[in-house]
Amino acid sequence: MRAMPSTAPDRWDLFCRVVDNFGDVGVSWRLARQLAAEHGKQVRLWLDDLTVLAKLRPEVDPSRDVQDVGGTEVARLREGFTPEEVADVVVETFGCDPPESYVQAMAARTPKPRWINLEYLSAEEWVEGSHALPSPNPRLPLTKHFFFPGFTPRTGGLLREAELLERRDDFQSDPGAQRAFWTSLVGRAPPEGTLKVSLFTYAGPPLESLARACRQHPGGPVWLIASEGAAASALKAFAGPARSGPRDVEVFPIQFLPQDAYDVLLWACDVNFVRGEDSFVRAQWAARPFVWNIYPTDDGAPWVKMGAFLARYCARLERAHAGTVTSLWEAWNRRPVSESSPREGPEAAEAWAGFVARRGVVSDHARAWSRDLASRRDLADELVDFVDKVL
Ligand code: TRH
């Protein structure tokens with residue numbers, strides 16, 4: 001634990017409203033827990049849908065309005081609630097706007113609380129210019145500051161708990177721990193040389209094509225670990241051992257895991273298909289090759305976000321290897337070849353073959369990328385400093 005301040009710990013209120021899926025809560029919970037556990041802050045996470053947090057943290061009781069979860073207070077966010085007191089630091093995640101009654105109380109507080117808007121993660125260039133910018137409130141004597149996660153020193157960095165990478169390295173260098181993990185997850189450990197692939201996706205990607213493609217490539221067995229939801233339902237037909245090609249492919253539909261156990265799954269697999277924001281970052285900390293399924297929107301924004309990240313991620317990869325990574329990502333997200341013709345399955349199978357053939361190089365790159373990211377301070381550290389020193 002970092003040096004504890006002498007005075008009473010700062011009180012932080014974090015606000016999170018669930019738009020859809022798990023990421024908003026996944027990110028908010030991680031930040032709340034880290035501020036409490038590693039920075040000694042008194043943290044309260046206000047959440048409008050506790051059932052989502054209970055999926056990630058089974059110890060959470062969604063029926064309770066206020067509860068302590070591992071040293072972090074979790075409170076149900078209701079409209080029009082009258083806050084007993086306003087925190088020293090207020091963080092709204094992803095522009096979720098604290099309730100008006102709370103904002104009014106912030107304006108009436110002396111000294112004014114520091115107000116942060118934790119933004120969505122993007123690798124796009126403009127993020128550096130927007131990070132830490134102030135936004136005076138048009139109605140009230142309050143100023144909000146934008147805090148952008150990111151991949152470069154001129155951003156707020158990425159969430160990374162202390163000892164996360166140490167725990168990862170311990171697990172990845174301990175065959176016994178890995179066998180125990182697999183046995184607890186699917187009842188047995190994978191045979192030597194098995195290619196273990198995790199799948200956490202939205203409904204779009206060519207999952208069946210991937211499963212079929214796995215059967216075609218000569219080599220050892222393939223285990224496809226399909227997370228509850230789109231991946232598991234799409235591969236239901238493939239579930240169980242199947243041998244209709246040179247390669248044994250086994251599909252394991254799995255339950256939604258507690259958040260920390262999901263990290264271990266990413267560490268245990270050889271290739272991880274992830275999505276959204278939080279699993280995207282966790283896959284990078286797992287230091288294994290990964291494929292990103294971007295949250296689909298019709299405005300083409302996903303391609304810009306993916307392109308911006310790939311430009312950074314592949315910058316130090318030889319052109320041929322960068323091409324392999326890019327082809328698989330674009331095929332997986334069915335990036336249209338042209339407006340009228342979206343990419344179809346065959347491309348994914350081909351791109352997967354190229355990716356697997358270059359797995360050695362791509363794995364080394366994933367480890368180097370993770371090491372590079374880890375050389376920077378983590379987001380919670382940057383945020384506490386920003387609040388203490390800048391504001
Ligand atoms: O669930 P997501 O699709 O969430 C996304 C992001 O929030 C994105 O920013 C937002 O635009 C979009 O929703 C609307 O994917 P993400 O971000 O990877 O969050 C998933 C969380 O679920 C993450 O914290 C990991 C966790 N998880 C588990 O705890 N157990 C599991 O078994 C799995 C598969 C995931």
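This is a predicted model: local features need pLDDT of at least 70, side-chain atom pairs count only at pLDDT 80 or more; totals for chains, interfaces and linings use all residues.
**Entry 1: the ligand's place**

The ligand takes the space of the largest pocket. I noted how a pocket is defined: on a 1 Å grid over the protein atoms alone, it is an open set of points where a 1.4 Å probe fits, with protein on both sides within 12 Å along at least five of seven lines. A molecule sits in a pocket if more than half of its atoms lie within 2 Å of its grid points.

Helices here are DSSP runs of H or I with at least four residues, strands are E runs of at least two, and both are numbered from the N terminus.

**Ground rules**

Residues are numbered from 1 along each chain as its sequence is written. Local features need pLDDT of at least 70 and side-chain atom pairs 80 or more, while totals for chains, interfaces and linings use all residues; side-chain values use heavy atoms, without hydrogens and water.

**Entry 2: the shell**

Then I looked for polar contacts (pairs of N or O atoms within 3.5 Å). Tyr 202 has a polar side-chain atom 2.6 Å from a ligand oxygen. For Asp 278 the distance to an oxygen atom of the ligand is 2.6 Å. In Ser 279, a side-chain N or O atom is 2.6 Å from a ligand oxygen. How much of the ligand does the protein bury? Alone, the ligand exposes 710 Å², and the protein buries 96% of that. The areas use the Shrake-Rupley method with a 1.4 Å probe.

**Entry 3: strands**

I followed β8 (residues 143–147). β8 pairs with β6 (residues 114–118) in the parallel sense over four bridges. Pairing needs at least two DSSP bridges. Asn 117 has Phe 146 as its bridge partner. β7 (residues 134–136) pairs with β8 in the antiparallel sense over three bridges. Ser 135 stands opposite Lys 144. β7 and β8 form a hairpin, with six residues between them.

**Entry 4: backbone**

I found a cis peptide bond between Thr 110 and Pro 111, with omega about -5 degrees. Pro 111 is in the loop between α3 (100–108) and β6.

Methods
A polar contact is a pair of N or O atoms within 3.5 Å; within protein, one must be able to donate a hydrogen and the other to accept it, and residues adjacent in sequence count only if both atoms are side-chain atoms. On a 1 Å grid over the protein atoms alone, a cavity is a set of points where a 1.4 Å probe fits but cannot get out, and a pocket is an open set with protein on both sides within 12 Å along at least five of seven lines; lining residues have an atom within 4 Å of a point.
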